[in-house]
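Open the viewer, keep the sequence beside it, and follow along.

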Amino acid sequence: VQLFEKNPFPFLLQDLSHHSFPRKRKRDQNIIDAVQESGYTQQQKTVRLNLHNATDQQSRPRQGATPKEKTQHARLPNRASSNQAKAARDKEQSHGEETALNASNTATPSPHTASIHHTLQTVFGFDSFRPNQEELIKAVLAKRDVFAVMPTGGGKSICYQLPAMLMEGTAVVISPLISLMKDQVDAAKENGIAAAYLNSSLDAKQMSGVIHRLKDNQVKLLYIAPERFAMPQFVELLQELPLSLFAIDEAHCISEWGHDFRPDYLSLSGIPAAFPGVPVAAFTATATEKVQQDIIRKIGLRDPHCVRASFNRPNLFYQVAPKTELSRQLVEFLKEHEGESGIIYRTTRDSVESTAELLSAHGTKALPYHAGLPAEQRDRNQDAFNRDEVPVIVATIAFGMGIDKSNVRFVVHAD
């Protein structure tokens, strides 16, 4: 949770001491109600809630895992509240909370069923799909636009990565943060998928190399920032390539009704017209009904197959504490979580650097991450964190909340 404007609870600890979780951020009205019930009455502009799925059996195996280890990882029973999570899912399904949005949502029967499951097992190392994944994949393979509201850890990435493996050409994935692009590309490469990204972290030679591979049809997944669609020469490059699909991550950023509007996303509205035969898949972990309709209209999705999944997350623990002596609070908190992996968010680059130095001086290995660091250093620090060479990373929001690291035990918002 991150409270903006003046508030008496600026220091939040998310204690996930006995849980494992992967991916991206979302927001939830429940936490607003909880804060209001605690006596907070001042006007609040935004409340942000990071949700990570501790029960996700598709969290990524460790980096460098062998194919056998990946398969074993996928088949291991989840240790974190698996019975509770199953009961919650059963309850949700019995009440019809996880439903398709309209009667026309049944995807066209796919001739790819056998190859879908074969690819799931041999490439991704999983024996079965999570809810909604298979129907979304079949819709994309049928070249139908899709829109999905799925919770953090619901497995959105496999909904476009798997069909990209079965379709001809390159899948273009629009992602808002450099750190998330790197994380996704690294994960795809571990699974043997030819993946690359184009963003400002690459120098001219590296960018030229990626473009050369694209023209030689050697890239199955291309991750880019939305800003690239404002560049006519980039759109012209894509029009010369065989493309399988477009996947738009964090699609709520295109909506002015959303909490995280980004003007750069508006350039994505030209995709359906510029690429009429290419399906577009839009994903978000957070969108009201009003925002959903705005997203579909702004992008111009064509009769999309829509899925809206449940957001019940019974495995998370939240704590809000008064911010008094931050340095002492952080040091004491990390002593209680010695050896555990976690993320500490600060609002400025200077505070990121000073906090990382403070923690290192008190015996906790910590590295900084912010947009002001050289690209090489950002990559080194991110890799060191992902490989458990350092337990703690101190970062601005340039370090995406959707980093896929299955053994993170806490997230601290220190401002």
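Is Asp303 buried or exposed? With a relative accessibility of 55%, Asp303 counts as exposed, because the cut-off for that label is over 50%. Keep in mind that you're looking at a predicted model. The rest is grouped by topic below.

- You'll find Asp303 in the loop that runs between α11 (289–299) and β11 (305–308).
- Asp388 isn't a glycine either, and its phi is positive at about 65 degrees.
- Asp388 sits in the loop between α14 (375–386) and β15 (392–395).
- Asp388 has 46% relative accessibility, so it counts as partly exposed.
- Lys143, which follows α5, also has a positive phi, near 65 degrees.

**A buried lysine: Lys182**

- Lys182 belongs to helix α7, which covers residues 178–190.
- Its relative accessibility is 8%, and because anything under 20% is called buried, Lys182 gets that label.
- The side chains of Lys182 and Asp383 are joined by a polar contact of 3.1 Å.
- Setting aside neighbours within four places in sequence, Lys182 touches Tyr197, Asp379, Gln382 and Asp383.

**An enclosed helix: α5**

- Helix α5 (residues 133–141) has seven of its nine residues buried, so the rest of the structure largely encloses it.
- The buried ones in α5 are Gln133, Leu136, Ile137, Lys138, Ala139, Val140 and Leu141.
- What covers those buried residues of α5 includes the helices α4 (113–122) and α6 (158–166).
- Strands are part of that cover too, among them β5 (146–149), β9 (243–248), β10 (280–284) and β11.

**An enclosed strand: β16**

- In strand β16 (residues 408–413), six of the six residues are buried, so this strand is largely enclosed by the rest of the structure.
- β16 pairs with strand β13 (residues 341–345) in the parallel sense, over five bridges.
- To find the pairing on screen, look for Ile343, whose bridge partner in β16 is Val411.
- While you're there, remember that side chains in a regular strand alternate between the two faces of the sheet.

Key. Residues numbered from 1 in each chain as written. Predicted model: local features only at pLDDT ≥ 70, side-chain atom pairs only at ≥ 80, totals over all residues. Heavy atoms only, no water. Helix = DSSP H or I, 4+ residues; strand = E, 2+ residues; numbered from the N terminus. Buried < 20%, exposed > 50% of the residue type's maximum accessible area, 1.4 Å probe, protein only. Polar contact = N/O pair within 3.5 Å; in protein donor to acceptor, adjacent residues only side chain to side chain. Contact = heavy atoms within 4.5 Å. Pairing = 2+ DSSP bridges.
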